[in-house]
Amino acid sequence: MTDPAAPQPPEAPREPEQNMPPTPNPWAQEAPNTEANAAPRRASFETSPQEPGWERAVLEKLAFATLEEQRRARRWKVFFRFAWLAVVLVIGAVVFYENTPGADVIKPHTALVEIKGEIAADMPANADDIVDSMRSAFEDEGAKALVLRIDSPGGSPVQAGIINDEIVRLRAKYQKPVYVVVGETCASAAYYIASAADEIYVDKASIVGSIGVLMDGFGFTGAMEKLGVERRLLTAGENKGFLDPFSPQTEKQREYAQAMLNQIHQQFISVVKAGRGERLKPTPETFSGLFWTGQQAVEMGLADHYGNLDYVAREVVKAEDVIDYTHHENVAERLAKKFGAAMGQGTVAALRAGLPALR
């Protein structure tokens, strides 16, 4: 027997078993050690996560990738800007070429400028564009005469007066005849312009004349009283609210407006008499504001002959080729009107509602 209280000899150290697997650690993340999985990791980071500084290497690669992406974005942005610039330049060149139709024309031809629609500063038939078109036609050596093809009910006496004066000046300066060809209508301010021409050609059914002036508007004072609406208009100057549709019109203001209309009417009559001269056969109704057919206009001396554009170019000017010098809206102008100019036009039209008009 062995005495348990006796000291025991030390045990000999055990040799490790060669075939025993290592004890797994449940808290350690499983890391496959296959070559197939290790290769993509080396390709992605080029630095083993076990090596010191691998976080910095990853951040550097991300930063370089971001910079490269920004460079590519900037290159595409510059490319698209240059592409749009090229498109704008091409459109501008086309528009410029279209708006200068007589620039390369040398052979004899008939120059045409069209006046369509209402004659007003904010409309296609405005004095600035029409005068520029006429100047281009007169300056072209190949243009033997200018034909104004008019189809308009009238408009602003100021715009019509500017065009009329410029016709007289250019005709005297370049010694070229000016003819008017009337379409459907040549009334009021349109006839104001036509009277400066050497001859006026109409169709038998055209509407011509309306030599008069009007100022139109509305008054709502009675309706406001019935509805219980009070107009609160503050002015400095007793006539500052003149022509306000929500305020009553005094007799003094009415007489003042009528005197102004009469003065403009006399200007209109003087222009017609100076332009038509002895060809005009005035009657008590000629300057009353009435309008007539083309047949009646020829009989009254308001027009000269029957004829259209082709007839005038072929038989009168003796130059059958017709070149259009009319200013046409370019792409930018059309886009401006499409994206908001209509609101501005409405405002201008409202402000112009109380101004004199020849229509």
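Select Leu146: leaving out residues up to four places away in sequence, Leu146 touches Ala111, Leu112, Val113, Met134, Ala137, Phe138, Pro177, Val178 and Tyr179 (a contact is heavy atoms within 4.5 Å). A quick note before moving on: this is a predicted model, where local features need pLDDT of at least 70 and side-chain atom pairs count only at pLDDT 80 or more, while totals for chains, interfaces and linings use all residues. Residues are numbered from 1 along each chain as its sequence is written, and side-chain values use heavy atoms, with hydrogens and water left out.

Buried means under 20% relative accessible area, exposed over 50%, partly exposed in between (1.4 Å probe, protein chains only).

## On to the charged pairs

Next, select Asp304 and Arg276, whose side chains meet in a salt bridge at 3.0 Å, N to O (a side-chain nitrogen of Lys or Arg within 4 Å of a carboxyl oxygen of Asp or Glu). Both residues are buried.

Jump to Arg254 and Glu251, another salt bridge, with the closest N and O atoms 3.0 Å apart. Here Arg254 is partly exposed at 38% relative accessibility, and Glu251 is partly exposed at 44%.

Last stop: Arg75 and Glu68 form a salt bridge at 3.7 Å, N to O. How many salt bridges does the whole structure hold? A search finds 16.
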